[in-house]
Amino acid sequence: MPGVIVLGGGGHASVVLDALRSAGHEILGYTDPGGGGRALGVPRIGTDDDIDGSAADALALGVGAVGDSTLRRQLFERFRVRFSFPAVVHAHVYVAPGVVVDDAAQVMAGAVVQPGVLVGAGAIVNTGARIDHDSELGCFSHVAPSAVLCGGVTVGAGAHIGAGAVILEGRTVGAGALVAAGATVTRDVPEGIRFIPGRTVEECPTR
Ligand code: JB2
């Protein structure tokens, strides 16, 4: 397996590193614009500008996306020409046969991904999330820890499903929309909308 550099040195990077290790990847280090970063147990290579001079042939997106996937997308677009971004799938998940996990997508520990699911490029299925049959996660979307997609759910590009949220069968969450943690979604959520139970929906300001 190729040697991997993780882009980012914060909380999400620590989870990505764990997933990479569990799957047997060699990890060369991480990049971060901050000089310190947390103790990830691998060397800091430098900033993203130092990647070209490294021995890596593969990269992993180590910055998270809580409500805004812009940086993940930018890093992917910047480096995809020269480097591969293999899907990161933790060893301790259930991913049904035939499920498609695209480049740079990530499936973290304890996740369950059922038959017929598509995990789009750069999407995150975070810790313990459950994606039931025939659901589709758009590129750079994020299903946060312990959220549940009940089956046949469509999540648009860059959308965020908050921790512990439940999306009922067949519903669509539009591109760039944000579903609050713990929400239960019983109707479609339009593109670019913030869905917070008990409040009027409002447009997401930044996406
Ligand atoms: O352009 C960049 C860049 N910009 C910020 N390139 C690289 N390589 N790294 C960058 N960073 C670094 O990402 C920051 O200097 C910082 O060290 C790190 C972000 O760390 P933080 O822990 O603040 O966020 P995160 O993205 O790792 O995790 C967030 O998203 C996860 C999904 C947190 O909200 C987590 O709690 C959440 N689970």
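**Salt bridges and aromatic pairs**

Mentor: Let us start with one pair in this predicted model: glutamate 77 and arginine 80 form a salt bridge in which the closest N and O atoms are 3.4 Å apart.

Trainee: Is glutamate 77 buried or exposed, or does it fall in between?

Mentor: Buried requires a relative accessible area under 20% and exposed one over 50%. Glutamate 77 has 41% relative accessibility, so it belongs to the class in between, partly exposed.

Trainee: How many salt bridges does the count come to?

Mentor: A pair is counted when a side-chain nitrogen of Lys or Arg lies within 4 Å of a carboxyl oxygen of Asp or Glu. Among the pairs that qualify is that of aspartate 52 and arginine 82, with closest N and O atoms 2.8 Å apart. By this rule, the number of salt bridges is three.

Trainee: Which parts of the chain does the salt bridge between arginine 78 and aspartate 49 tie together, and how far apart are they in sequence?

Mentor: The side chains of arginine 78 and aspartate 49 meet at 2.6 Å, N to O. Arginine 78 lies in helix H2 (residues 70-79), whereas aspartate 49 lies in the loop between strand E3 (44-46) and strand E4 (58-61), so the pair ties together parts whose separation in sequence is 29 residues.

Trainee: Which accessibility class does aspartate 49 fall into?

Mentor: The cut-off that matters here is 50%, because a relative accessible area over that value counts as exposed. Arginine 78, at 44% relative accessibility, is partly exposed. Aspartate 49 has 55% relative accessibility, and therefore its class is exposed.

Trainee: Where does arginine 82 lie, given that it pairs with aspartate 52?

Mentor: Aspartate 52 and arginine 82 form a salt bridge. This pair links distant parts of the chain, 30 residues apart, with aspartate 52 in the loop between E3 and E4 and arginine 82 in the loop between H2 and strand E5 (88-89).

Trainee: Turning to the rings, how many aromatic pairs are there, and what is the geometry of phenylalanine 76 and phenylalanine 85?

Mentor: The count comes to three aromatic pairs. Phenylalanine 76 and phenylalanine 85 have ring centres 5.1 Å apart and planes at 70°, and both residues are buried. Since planes over 60 degrees apart count as edge-to-face, the geometry of this pair is edge-to-face.

Conventions: Residues numbered from 1 in each chain as written. Predicted model: local features only at pLDDT ≥ 70, side-chain atom pairs only at ≥ 80, totals over all residues. Heavy atoms only, no water. Phe/Tyr/Trp six-rings, centres within 6.5 Å; stacked < 30°, edge-to-face > 60°. Buried < 20%, exposed > 50% of the residue type's maximum accessible area, 1.4 Å probe, protein only. Helix = DSSP H or I, 4+ residues; strand = E, 2+ residues; numbered from the N terminus.
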